[in-house]
Amino acid sequence: MAEQTYYEDVEVGSEITPLKKVATTRMLVQWAGASGDFNPLHYEEDFAKNLGVGHPIVHGALKRAWLVNLMTDWIGEEGRLKKLSCRYRGMDYPRKMKNFDEPQDGETWWCKGKVIRKYIEGDEFLAECEIWVENGKGDKTTQGSALAVLPSKSK
Amino acid sequence: MAVFVVPESLKKMVGQTEEPIVFKVEEGAIQRYARAVGDANPLYNDVEYAAQSKWGRLLAPPAFPGWPVKSDGFDMIKFIEKLIKAGAPMGLLDGGVDYEFFSPVAADDTLLAVTKIESIEGRETKLGPTMITTVETTFTKESGGRAFVMRNMFLNF
């Protein structure tokens with residue numbers, strides 16, 4: 001866990017600490033089991049091909065969970081995530097496995113974000129952020145926004 | 001390529017509420033979820049650490065269990081099959097989600113999830129004629145109060 005982020009520490013334009021992710025076929029299986037999403041689109045080659053997406057794709061909801069991970073790491077234990085939205089703009093394809101634990105070489109994804117507004121509403125110190133998942137080519141395949149309640153040094 | 005024309009059989013489902021689901025948030029389910037995401041936050045993984053925190057027990061990451069609601073509570077495939085039977089195209093993709101969080105969910109909480117079909121629209125997308133369904137699920141704690149509300153969009157094509 002990173003250090004606690006305080007309202008006073010952030011400015012418009014501040015970067016959310018980037019979070020690295022590597023989607024693998026194994027991770028998709030793990031996510032299917034943990035989330036209960038057993039759509040064959042995410043693990044069956046022919047099924048994905050017949051639907052016109054080429055190969056099994058990364059679950060949108062997993063990318064959403066990565067963005068939640070990005071935000072909660074940054075917000076720290078004294079803050080809280082108030083809102084999060086995202087839209088899945090592009091397909092992502094997982095790396096295959098080299099052995100039980102290690103993926104083959106390939107694409108790496110980065111979850112990123114920046115503060116676009118900070119304001120106080122009632123007793124809450126808020127940071128509105130633009131967030132996204134970037135694939136290996138630098139394309140934003142998932143884009144969204146988040147609203148964080150941060151602790152204040154003045155309280 | 002053409003706009004998907006939403007048949008009456010589907011239009012009349014808008015506004016309908018699915019059977020409410022009650023489920024208990026289990027420690028193991030939280031840990032498996034956090035591991036699948038690759039989220040090492042000890043609040044979601046380490047029972048002893050979480051016990052010492054202000055929450056006193058293992059915390060679930062925001063958006064747990066998310067969409068679909070856990071398979072032991074809500075069978076998404078059955079829900080989608082219902083839409084397909086009523087005329088929706090067979091292909092399915094997740095379009096996006098909007099969350100609003102009110103209070104954190106922790107192990108041993110019992111949640112009530114109610115899903116309502118908010119809208120069904122016909123469009124033309126790069127996938128071809130596409131139907132976009134928006135559903136809103138409200139998660140309420142048995143102990144009282146809303147935990148979070150999730151609005152999810154998905155595409156049948």
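# A chat about a predicted two-chain model

Reader: Noted. In what pattern do the elements of chain B follow along the sequence?

Author: Read along the sequence, the pattern of chain B is α-β-α-α-α-α-β-β-β-β. Its C-alpha trace spans about 55 × 30 × 25 Å along the principal axes, and 53% of the 157 residues of chain B count as buried.

Reader: And chain A, how many helices and strands there?

Author: Chain A has three helices and five strands, which run β-α-α-α-β-β-β-β from the N terminus on. The C-alpha trace of chain A spans about 55 × 30 × 30 Å along its principal axes, and buried residues make up 50% of its 155 residues.

Reader: What share of the contacts in each chain joins residues at least 24 apart?

Author: Counting contacts between residues at least 6 apart in sequence, the share that joins residues at least 24 apart is 67% in chain A, while for chain B the corresponding value is 70%.

Reader: Switching to the interface, how much area do chain A and chain B bury between them?

Author: The two chains bury about 3000 Å² between them, with 54% of that area on carbon and sulfur atoms. On the chain A side, A:A34, A:R64 and A:E77 supply 19% of the area that chain A buries against chain B, which is more than any other three residues.

Reader: How many residues does each chain bring to the contact?

Author: Chain A gives 37 residues to the contact, and chain B gives 37 residues as well.

Reader: What about polar contacts and salt bridges between chain A and chain B?

Author: There are 14 residue pairs in polar contact between the chains, counting pairs with both residues at pLDDT 80 or more, and there are two salt bridges between chain A and chain B. A salt bridge joins B:K54 to A:E78, where the closest N and O atoms are 3.7 Å apart. As for the elements involved, those that give two or more residues to the side of chain A that touches chain B are α1 (25-35), α3 and β2 (80-88) of chain A.

Reader: And over all chains, how many salt bridges does a search find?

Author: A search of the whole structure finds 16 salt bridges. In one of these, the side chains of B:D109 and B:R57 meet at 3.1 Å, N to O. That pair links distant parts of the chain, since B:D109 is in the loop between β2 and β3 (110-125) of chain B and B:R57 is in the loop between α4 (47-52) and α5 (76-85), 52 residues apart.

Reader: Are those two buried or exposed, or something in between?

Author: B:D109 counts as buried, because its relative accessibility is 9%, whereas B:R57 counts as partly exposed at 34% relative accessibility.

Reader: Which lysine of chain B also forms a salt bridge with B:D109?

Author: B:K141 does, with the closest N and O atoms 4.0 Å apart.

Reader: Now the aromatics. How many aromatic pairs are there over all chains?

Author: The count comes to ten aromatic pairs over all chains. In chain A, A:W66 and A:W109 form a tilted pair, at 6.3 Å centre to centre and with 55 degrees between the planes. A:W66 is in helix α3 (residues 60-75) and A:W109 in strand β3 (residues 109-121) of chain A, so to speak distant parts of the chain, 43 residues apart. Both tryptophans, A:W66 and A:W109, are buried.

Reader: How are the rings of B:F101 and B:F148 arranged?

Author: Their centres are 6.0 Å apart and their planes stand at 45 degrees, so that pair is tilted. B:F101 lies in strand β2 (residues 92-101) and B:F148 in strand β5 (residues 146-156) of chain B, so the pair ties together parts that are 47 residues apart in sequence. B:F101 counts as buried at 7% relative accessibility, as does B:F148 at 2%.

Reader: Which residues do ring pairs link into a cluster with those two?

Author: The cluster linked by ring pairs holds B:F23, B:Y99, B:F101, B:F139 and B:F148.

Reader: Last topic: which charged residues lie over a ring face?

Author: Among them are A:K118, over the face of A:Y7 at 4.2 Å from the ring centre, and B:R146, over the face of B:F102 at 4.0 Å from the ring centre.

Methods:
Residues are numbered from 1 along each chain as its sequence is written. Chains are lettered from A and ligands numbered from 1 in the order in which they are written. Side-chain values use heavy atoms; hydrogens and water are left out. Rings of Phe, Tyr and Trp (its six-membered ring) pair if their centres lie within 6.5 Å; planes under 30 degrees apart count as stacked, over 60 as edge-to-face and the rest as tilted. Helices (H or I, at least four residues) and strands (E, at least two) are DSSP runs, numbered from the N terminus. Buried means under 20% relative accessible area, exposed over 50%, partly exposed in between (1.4 Å probe, protein chains only). A charge sits over a ring if NZ of Lys or CZ of Arg is within 6 Å of the ring centre and within 35 degrees of the ring normal. Contact means heavy atoms within 4.5 Å. Buried area is the accessible area (1.4 Å probe) that two parts lose on being put together, summed over both. A polar contact is a pair of N or O atoms within 3.5 Å; within protein, one must be able to donate a hydrogen and the other to accept it, and residues adjacent in sequence count only if both atoms are side-chain atoms.
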